Amino acid sequence: MEVPVLDAVDRQIIHILTIEPRASFRTVAEIAGISDQTAARRYRRLSDTAGLRVLGMVDGARLGWVDWFVRLQTTPGSADSIAEALARRPDTRWVRLASGGTEIVCTLQARTPEQRDALFLRGLPGSRRVVQISAHSILHNFNPGPWQGATRALSAVQLAKLAGLASPAQVPPSPQAPLTPQDDPLLAELARDGRASHAALAAAIHWHESTVRRRIDELRRAGLLYFDVDIDDRVFGMNVHAMLWLSVEPARLAEAGQAIAAHSEIPFAAATTGPTNLVASALFRDTRHLYEYLTGELAGLPGVSSVQTAPIIRTLKRTASVH
């Protein structure tokens, strides 16, 4: 698939959606200075050609769920089929092939200790094609917001105009809005299309439209539901993707994590368990950019004793969406 080159309007639409993912096309048009029809047409084109989508996600950390980074080393020629099987699982969020196609990097979410045990003891592939598995619990996310490379298109005036439409204030979950099994159909639909209208959601799950609207608002205000904007990184000119696994002195882990999260190349950085304690997803224009980063900004991080670099050669699943 040919990836489009973003113009100023495309970038503004993406920036708007990172702030208010469910903004109407009328709102998008008003902020970007275009017509409603142009806003809708641009969104559909970006969806078709660049994989742009908005996904409703549950903030599992608020519920005690634990995310895990898993690395699987496979025999040559077997990683594709194993990665595709992992991408089809509902408990995976990212699934990527790395290191020449013999390593799979993925994230999994365990909601309970029992689910965690079932996942690691019986759920992951255990054939002779998998030669090694390591799992690292994600302890702290240093980049909870959108990647800064996608949020540079709007002017101060446009941001001020949009400010009144930002997501509801994030507050701790209240007894009035706990997550319940009755929410599962709504969450499943939002995970497929976070921009689906209240009417479409109501028709799909057989709720009243007012109930859908109220429940989405309750879950967002409770901080249990958020929306993620997903798009092919190449539209921003980032053609090289790598995972970085760093060993950092424990006393300087927070400092190093905050510092790397501020780098424009890093959309995600987190503290983890395991032999390395800081993992980052990194985007670069080309391999020269990667080299300059490794020998420049990354080399200047405090307390780093070693770095492993794993180039990503294929993404099968991103933000819980299969590609």
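Me: What volume does the largest pocket have in this predicted model?
Reply: The model is a predicted one, and the values discussed here are computed from it. The volume of its largest pocket comes to about 1,400 Å³.

Me: Which residues lie nearest the centre of the largest pocket?
Reply: The lining of the largest pocket is made up of 47 residues, which divide by class into 23 nonpolar, 14 polar and ten charged. Of these lining residues, the ones that lie nearest the centre are Asn-141, Asn-143, Pro-144, Tyr-226 and Asp-228.

Me: Which element gives the largest share of the lining of the largest pocket?
Reply: Several elements give two or more residues to this lining, including helix 1, strand 2 (66-74), strand 5 (130-141) and strand 9 (278-284). The largest share, at six residues, comes from strand 6, which spans 225-230. The element asked for is strand 6.

Me: How much space lies in the second largest pocket, and which element gives the largest share of its lining?
Reply: About 700 Å³ of space lies in the second largest pocket, and 27 residues line it, with Val-58, Pro-90, Gln-109, Arg-111 and Ala-191 nearest its centre. By class, the lining residues divide into 13 nonpolar, six polar and eight charged. Strand 1 (53-58), strand 3 and helix 7 each supply at least two residues of this lining, and the largest share, five residues, is that of helix 7.

Me: Where is Asp-183 found, and is Asp-183 buried or exposed?
Reply: Asp-183 is found in the loop that runs between helix 6 (156-163) and helix 7 (184-192). Leaving aside residues up to four places away in sequence, Asp-183 touches Pro-178, Trp-207, Arg-215 and Leu-219. Its relative accessibility is 2%, and because a residue under 20% is classed this way, Asp-183 counts as buried.

Me: How are helix 1 and helix 3 oriented to each other, and why?
Reply: The axes of helix 1 (residues 8-19) and helix 3 (residues 36-50) come within 11 Å and cross at roughly 85°. Angles of 65 to 115 degrees fall into one class, and therefore the two helices count as roughly perpendicular.

Me: Which residues of helix 3 meet helix 1?
Reply: On the side of helix 1, the contact involves Val-9, Asp-10, Ile-13, Ile-14 and Leu-17. By class, the contact of helix 1 with helix 3 has seven nonpolar, no polar and three charged residues. The residues that helix 3 brings to this contact are Ala-39, Arg-42, Tyr-43, Arg-45 and Leu-46.

Me: Which residues of helix 9 meet helix 8?
Reply: Helix 8 takes part in this contact through His-198, Ala-199, Leu-201, Ala-202 and Ile-205. The contact of helix 8 with helix 9 has six nonpolar, one polar and two charged residues by class. From helix 9, the residues are Glu-209, Val-212, Arg-213 and Ile-216.

Technical notes: Residues are numbered from 1 along each chain as its sequence is written. This is a predicted model: local features need pLDDT of at least 70, side-chain atom pairs count only at pLDDT 80 or more; totals for chains, interfaces and linings use all residues. Side-chain values use heavy atoms; hydrogens and water are left out. Axes are lines fitted to C-alpha atoms, for helices over the stretch in contact, and angles run from 0 to 180 degrees between N-to-C directions. Helices (H or I, at least four residues) and strands (E, at least two) are DSSP runs, numbered from the N terminus. Angles under 35 degrees count as roughly parallel, over 145 as roughly antiparallel, 65 to 115 as roughly perpendicular and the rest as oblique. Contact means heavy atoms within 4.5 Å. Ala, Val, Leu, Ile, Met, Phe, Trp, Tyr, Cys and Pro count as nonpolar, Asp, Glu, Lys and Arg as charged, and the others, Gly among them, as polar. Buried means under 20% relative accessible area, exposed over 50%, partly exposed in between (1.4 Å probe, protein chains only). On a 1 Å grid over the protein atoms alone, a cavity is a set of points where a 1.4 Å probe fits but cannot get out, and a pocket is an open set with protein on both sides within 12 Å along at least five of seven lines; lining residues have an atom within 4 Å of a point. Grid points are joined across faces, edges and corners, and a volume is the space filled by probe spheres set on the points.
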